[in-house]
Amino acid sequence: MPTRNESSSEHSAPSVTYERGDDEPYSIAVARAIAAYRNTTPLELDPLYDVVDLQSLDSIFENASESTRPSCSFTFSYDGYEVTVTDDAISVHETNGETT
Amino acid sequence: MDPSRDEEDTKQILSDERDSAILSTLRDTEGSLDLQCLAERLVAHDHAILGATEFEEQLDRLRISLHHDRLPRLAKAGLLEYDRVNHVITESNSLEDEMESLNAEQFNDLLAPFFNGHEGEEDAIGVIDSRENTLEYGHQLTEQADEEVFCMFAGEEILNTRCLASAKAAIKRGVDVYIGTQDAELRDAARDHLPEATIWEPQLDWLNNPMQYPTIGRVVVVDRESVLVTLMEESQADETYVETGMTGVGESNPLVVLVRELLGPRLDHLDYQSETFEDGLPFEL
């Protein structure tokens, strides 16, 4: 099972880093990471479909070769947060003073 | 959001196994069901046996994927309605209306030639009874091809010598030949016999969807304007298969239009994992 590390980084805004489980789809990990950050459940969040195509997100990482996958990174904004997906973790932090 | 995404989504939904399972589950309930129920039914459909922990994990993943991706996508395409707050899925009224009007008008038009059509007319759909005759018609189509022959097989007729001969002759004439089958051994065999042809594994699940409908035996599309589709129906009496062919000729023939619409994205884009697939993504990599 993935673990959840809460840390306050050097920046003032708090952030959550969610470690993705070995066979956990990236899209699922993203929803769980945001829920963990918001201290709620994934189903209480507005559908991510509105801001990102999760099927394409999964296929980017799944179709990347073993050697290029660790360097893949994808960032998007959701409800005032910045969500960054990498091969092994998803990090969520507040967008600094920006409104979308 | 990019408006072309809707159209792309609808095309994908037509061929996606998970999406069609969602829609048929919803149809079975005749009304509405909640997210939890839907997810449970789909997990039960996917896995015959799962340990309790694994079941909970699969169920949770499926609920997330339904809520965050599948259901909003299907709702946007007008195929169902999704209450995001209460997590309730209902059948889309507009879909029923659409089906009804399709039944009333287009369907009659589509079926009319079965009963009183004349072969050779642009909008006529021909019927061929018996496997021998459908095979023969498939060969004739292949022999007439000028540019492209695209076919999918459920059975092993691709290894039939007459089929191989007409495919080889077409390749010699400079025709592009595409052959798809779900059977890995048949793909290898086809590759051996026809090294110049493009052999691939169909991602379309309507070729062998385990539904109550008759299954599709073969699809042959020639120059994108002549089509043969055969249906395999199991005879109740002796468990043999009866094959019936439908044919359409001409760019605006309804059967040709229908098959072209369903296959279109695949004809232009045979391999999802090809180098160009990144171009189709809605954002930059």
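Angles between axes under 35 degrees count as roughly parallel, over 145 as roughly antiparallel, 65 to 115 as roughly perpendicular and the rest as oblique. This is a predicted model, in which local features need pLDDT of at least 70 and side-chain atom pairs count only at pLDDT 80 or more, while totals for chains, interfaces and linings use all residues. Residues are numbered from 1 along each chain as its sequence is written, chains are lettered from A and ligands numbered from 1 in the order in which they are written, and side-chain values use heavy atoms, with hydrogens and water left out.

**First stop: two helices of chain A**

Select residues 26–38 of chain A, helix α1, together with residues 54–63 of chain A, helix α2. Helices (H or I, at least four residues) and strands (E, at least two) are DSSP runs, numbered from the N terminus. The two helices pack at an angle of about 120°, and their axes lie 8 Å apart. Axes are lines fitted to C-alpha atoms, for helices over the stretch in contact, with angles from 0 to 180 degrees between N-to-C directions. α1(A) and α2(A) are therefore oblique to each other.

Next, display the side chains of A:Tyr26, A:Ser27 and A:Val30 in α1(A), which meet A:Leu54, A:Leu57, A:Asp58 and A:Phe61 in α2(A); contact means heavy atoms within 4.5 Å. The residues of this contact comprise five nonpolar, one polar and one charged. Here Ala, Val, Leu, Ile, Met, Phe, Trp, Tyr, Cys and Pro count as nonpolar, Asp, Glu, Lys and Arg as charged, and the others, Gly among them, as polar.

**Second stop: A:Asp22**

Move to A:Asp22, in the loop between β2 (15–19) and α1 of chain A. A:Asp22 is exposed, with a relative accessible area of 80%; buried means under 20%, exposed over 50% and partly exposed in between (1.4 Å probe, protein chains only).

Turn to chain B, whose secondary structure comes to nine helices and ten strands. Of its 285 residues, 41% count as buried.

To find the centre of the largest cavity, select B:Thr142, B:Cys151, B:Phe153, B:Cys163 and B:Ser166, which lie nearest to it among 15 lining residues. Colouring α6 (131–144) of chain B shows one of the elements that each supply at least two lining residues; α6(B) gives the largest share, four residues. The lining divides into ten nonpolar, four polar and one charged.

Technical notes. 1 Å grid on protein atoms, 1.4 Å probe; cavity = no way out; pocket = protein on both sides within 12 Å on 5 of 7 lines; lining within 4 Å.
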